[in-house]
Amino acid sequence: MPKIIVSDSASLVDRWIEAILARCPDLEAVPLADLGDDPAALASVDYALVWAPEPGFLASLPNLKLIVSVGAGLDHLTSDPDLPRHLPTVRMVDPGLTQGMSEYCAWGVLTLHRLFAPLLNSQASGSWDVVHAPIASNARVGVLGFGVLGSKAGEALQALGFQVCGWSRSPKQHDSIPLYHGDEGLDAVLASCDQLVLLMPATDETYKIVNDAFLARCKPGVGIINAGRGSLIDDEALLQALDSGQAGGAVLDVFHQEPLPSDHPYWAHPKVIVTPHVAALTYPETGADHVAAAITALEAGAPLPAVVDWDRGY
Ligand code: NDP
Ligand code: OXD
């Protein structure tokens, strides 16, 4: 019987196993923690559904055929120098994760748009400071990284009344959202948007993409919502832009170092809202369809869903 090993937060492993077996009754599904390390056990594994396995662990499975990432991001895998990159690897696509991300981005954009950070600061000091925000239809939001998560977040923001545009690596089209790509496309987005939602993956190309030069190309007072990865932002550049007023506020969920160090200036900055990498979670009950689809496609020799292209880095 083919075997899948599962590693995720302890509270989710049993839920994954139940959800996977409901879709693939011919599989054996076991928690990674129960596998043991004798050679026969390691040789018995066909597929791995993992978040952040110990470095070297995946390379120690001689018959592994498929890696499925519990997350949409891959940095928890790429931090393993021995990651077997010759094996097909699939990113998570989960309607529950996508919904959660749309909720977070809508909350983040509304929080900056409706000036909730200054309102909360006023409350903390007991001050009745009246501030008025423009209506959403007069504000434009750019979603940088218009993939599985970015496209749905963009649609959710559009449904709230915001003008929305998107930016991606390659040219794409959407029925109602104008899309841009490349450096010229980025200029058009940065010059016109009041807020930017970052939903790009961590790659060499996106490393500190939000830097001094990027922020200087933005509209003064731009709001930044980062739900992608901490590596997208040059923190010093963002802090300087916040202090000078070039950036109006930031909602940040992801950081270069997590947990965010307790002395990091983001924690106490009046224009910054910090959340502890909680924008969106993968749910076994909605994510298991993707795991089953990946295994079925692999065994049928069909194209894999959301398969990683290591040359482009995501
Ligand atoms: P996708 O691969 O579907 O989308 C990624 C998007 O980023 C694509 O539109 C891609 O362009 C674009 N992109 C990649 N590189 C570049 C570049 N150099 N310049 C411009 N655009 C680029 O990923 P998902 O939408 O599923 O996930 C996005 C990210 O969200 C994950 O990688 C992860 O880091 C983060 N995430 C964060 C969570 C949280 O809780 N904070 C939860 C889940 C995910 P193209 O369309 O041309 O390929
Ligand atoms: C993910 C995440 O990548 O939760 O899915 O960050």
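Which polar side-chain atom lies 2.7 Å from an oxygen atom of ligand 2? The atom belongs to R229. A polar contact here is a pair of N or O atoms within 3.5 Å; within protein, one must be able to donate a hydrogen and the other to accept it, and residues adjacent in sequence count only if both atoms are side-chain atoms.

Before continuing, some conventions. This is a predicted model, in which local features need pLDDT of at least 70 and side-chain atom pairs count only at pLDDT 80 or more, while totals for chains, interfaces and linings use all residues. Residues are numbered from 1 along each chain as its sequence is written, chains are lettered from A and ligands numbered from 1 in the order in which they are written, and side-chain values use heavy atoms, with hydrogens and water left out.

Ligand 1 has 30 residues around it, the closest being V148, L149, S170, K172 and Y314. The shell comprises 15 nonpolar, 8 polar and 7 charged residues. Helices α4 and α6 (148–159) and strand β7 (163–168) each contribute at least two residues to it. Helices (H or I, at least four residues) and strands (E, at least two) are DSSP runs, numbered from the N terminus. The side chain of K172 places an N or O atom 2.8 Å from an oxygen of ligand 1. Backbone N or O atoms also approach ligand 1 oxygens, at 3.0 Å for F146 and at 3.1 Å for A280. On its own, ligand 1 exposes 940 Å², and the protein buries 94% of that.

Now to the sheets. One is an open sheet of 7 strands, ordered β8-β7-β6-β9-β10-β11-β12, with parallel pairing; two strands pair if DSSP finds at least two bridges between them. Its edges are β8 (179–181) and β12 (272–274). Between β6 (140–144) and β9 (195–198) there are 4 bridges, and V143 has V197 as its bridge partner in β9. Helix α4 (95–113) packs on this sheet, touching β6, β9, β10, β11 and β12, where contact means heavy atoms within 4.5 Å.

The other open sheet has 5 strands in the order β2-β1-β3-β4-β5, again with parallel pairing. Because β2 (28–31) and β5 (89–90) stand at its edges with a single partner strand each, one side of each is left without a neighbour in the sheet. Strands β1 (3–6) and β3 (47–50) are joined by 3 bridges, with V6 opposite L49.

Notes
Axes are lines fitted to C-alpha atoms, for helices over the stretch in contact, and angles run from 0 to 180 degrees between N-to-C directions. A residue is near a molecule or strand if one of its heavy atoms lies within 4 Å of it. Accessible areas come from the Shrake-Rupley method with a 1.4 Å probe; for residues, only the protein chains shown count as cover. Ala, Val, Leu, Ile, Met, Phe, Trp, Tyr, Cys and Pro count as nonpolar, Asp, Glu, Lys and Arg as charged, and the others, Gly among them, as polar.
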